[in-house]
Amino acid sequence: MKTMIKTCAILTIGDELLIGQTIDTNSAWIAKALEPLGIQIKQRVSVGDVKQDILDALNHIRNHADLIIMTGGLGPTADDITKPLLAAYFNTELIWDASVLEHVTRYFEQRKRPLLESNKRQALLPARCDVLFNEMGTAPGMWFEDGSNYFVSLPGVPFEMQHIMQEKVIPRLRKQIQQQTITHRTLITAGVGESFLAEKLATFEQHLPKEIKLAYLPQLGMVKLRLSSTELSESTVEQYFQELIQRTQEHFVVAQDRELEGVVGDLLIQTKQGVACIESCTGGALASRITAVKGASKYFQGSFVTYTPEMKNKVLGIDLNFIEQYGAVSEEVAVEMAKAGLRQWGVDYCVAVSGLLEKGDEDNRVWIALAHGNITEAHKIFVPYDRIRNTQLTTTVALNLLRKFIMVNSIS
């Protein structure tokens with residue numbers, strides 16, 4: 001009889017996670033990967049490379065979740081203690097796995113690197129586990145069943161972990177374990193804060209069936225809204241989702257959980273138009289986001305980073321006296337930057353950014369200008385955070401302004 005897995009706990013292992021040397025992206029990725037299966041994440045726990053701490057965490061979280069997924073501690077170095085610890089935890093021994101040893105040997109031969117004894121030991125695995133083969137690296141994953149719990153141990157390297165999850169773990173969960181269905185519908189809003197949305201949607205929330213949950217997922221410059229239900233039909237959730245779209249229409253971006261750069265890219269493909277960037281304070285971050293989308297070469301022409309007045313003059317042809325008159329951070333200069341981008345690249349749209357991003361500046365402001373043919377517009381935003389977050393906020397706002405600019409000006 002199949003076992004119903006409703007809950008999961010994620011245990012990440014490694015001293016580097018506790019001291020902040022490495023950011024734990026694995027937990028978020030795993031949680032998102034399990035979401036379509038209807039498996040609820042109950043806990044996310046991080047521990048260092050200390051045997052007793054790992055054991056304590058395992059003994060605790062197994063009482064609160066059906067499935068325990070662990071990442072980290074499976075490498076060839078002395079601080080990677082997860083594998084022998086799990087062998088002892090499940091009262092079994094380490095044995096050689098011939099297929100893993102063959103893979104590890106071939107892995108090093110192909111790279112013309114010596115095969116050390118520590119590398120060979122990657123093929124020493126607990127006898128009680130089902131091996132989850134790792135084509136992307138040398139450390140295999142492991143699947144254990146103990147009582148009413150399932151345990152999965154995965155490498156900490158993100159792309160290796162993701163590969164094993166996608167190719168081995170998720171298919172096995174779907175095949176072996178009865179699962180409940182969960183319906184999620186997500187939309188994106190931009191240019192409005194979480195508290196404003198909550199006030200605007202107060203009546204909507206009050207009339208939601210208790211089986212549907214509304215979640216606010218704020219990010220810099222945008223808020224995602226998600227409706228979720230494990231009990232009601234997709235069609236019922238969809239009815240409320242359509243109402244949610246109508247109630248957020250003023251700030252609505254897209255009825256999908258995706259990034260703004262992808263939404264902008266789709267618009268440009270649909271309208272068969274192109275865009276270029278002229279950046280100052282963001283130093284190429286806007287162009288980087290646009291080109292992170294697969295297929296961006298269909299609509300993105302290029303970018304200039306003109307950080308100083310001299311470069312704005314040499315590259316864009318903006319007169320230095322004009323810059324001095326209005327200031328490098330001004331509506332006038334930002335508009336000239338965008339217009340120069342149209343001339344330089346010969347594109348349909350250009351977005352330009354110039355501003356002050358440093359925390360502590362008396363007037364942390366950014367001008368974002370857009371140009372299309374003879375049409376220009378400019379927007380001033382205030383950026384109250386540190387430089388990194390201000391850059392992220394600025395590029396998000398710029399992408400949303402570009403999205404709206406394209407929608408208005410592409411109407412025939």
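Is cysteine 129 buried or exposed? Cysteine 129 counts as buried, at 9% relative accessibility. The structure is a predicted model.

**Cysteines**

- The count of disulfides is zero.
- A disulfide is a covalent bond between the sulfur atoms of two cysteines.
- For cysteine 129, the closest cysteine sulfur belongs to cysteine 8 and lies 18 Å away, which is too far for a bond, because a disulfide needs the two sulfur atoms within 2.5 Å.
- Cysteine 277 is buried as well, with a relative accessibility of 0%.
- The closest cysteine sulfur to that of cysteine 277 is in cysteine 350, at 6.9 Å, and this too is too far for a bond.

**Helix H10**

- H10 runs over residues 234–247 and has 14 residues.
- From first C-alpha to last, H10 reaches 20 Å, close to the 20 Å expected at 1.5 Å a residue.
- Val237, Phe241, Leu244 and Ile245 are the buried residues of H10.
- Viewed down the helix axis, these buried residues of H10 fall within an arc of 100°, so they line one face of the helix.
- In general, an α-helix has 3.6 residues a turn, so residues three or four places apart point the same way.
- Exposed residues Gln239 and Gln246 sit on the face of H10 turned away from its buried side.
- The cover over the buried residues of H10 includes strands E9 (183–190), E10 (213–219), E11 (222–229) and E12 (252–254), along with helix H9 (202–206).

**Threonine 183**

- Threonine 183 belongs to strand E9, one of the elements covering the buried residues of H10.
- Its relative accessible area is 12%, so threonine 183 is buried, the cut-off for buried being under 20%.
- Beyond its neighbours within four places in sequence, threonine 183 is in contact with Leu227, Ser228, Ser229, Leu232, Glu234 and Val237.

**Largest pocket**

- The volume of the largest pocket is about 820 Å³.
- Its lining is made up of 29 residues.
- Nearest the centre of the largest pocket lie Ala31, Glu35, His184, Arg226 and Ser228.
- Helix H2 (26–34) and strands E2 (40–47), E9, E10 and E11 each supply at least two residues of the lining.
- Strands E9, E10 and E11 are also among the elements that cover the buried residues of H10.
- Ser228, one of the residues nearest the pocket centre, is also in contact with threonine 183.

How values were computed: Residues are numbered from 1 along each chain as its sequence is written. This is a predicted model: local features need pLDDT of at least 70, side-chain atom pairs count only at pLDDT 80 or more; totals for chains, interfaces and linings use all residues. Side-chain values use heavy atoms; hydrogens and water are left out. Helices (H or I, at least four residues) and strands (E, at least two) are DSSP runs, numbered from the N terminus. The expected span of a helix is 1.5 Å times one less than its number of residues. Buried means under 20% relative accessible area, exposed over 50%, partly exposed in between (1.4 Å probe, protein chains only). The arc is that of the directions from the helix axis to the C-beta atoms. Contact means heavy atoms within 4.5 Å. On a 1 Å grid over the protein atoms alone, a cavity is a set of points where a 1.4 Å probe fits but cannot get out, and a pocket is an open set with protein on both sides within 12 Å along at least five of seven lines; lining residues have an atom within 4 Å of a point. Grid points are joined across faces, edges and corners, and a volume is the space filled by probe spheres set on the points.
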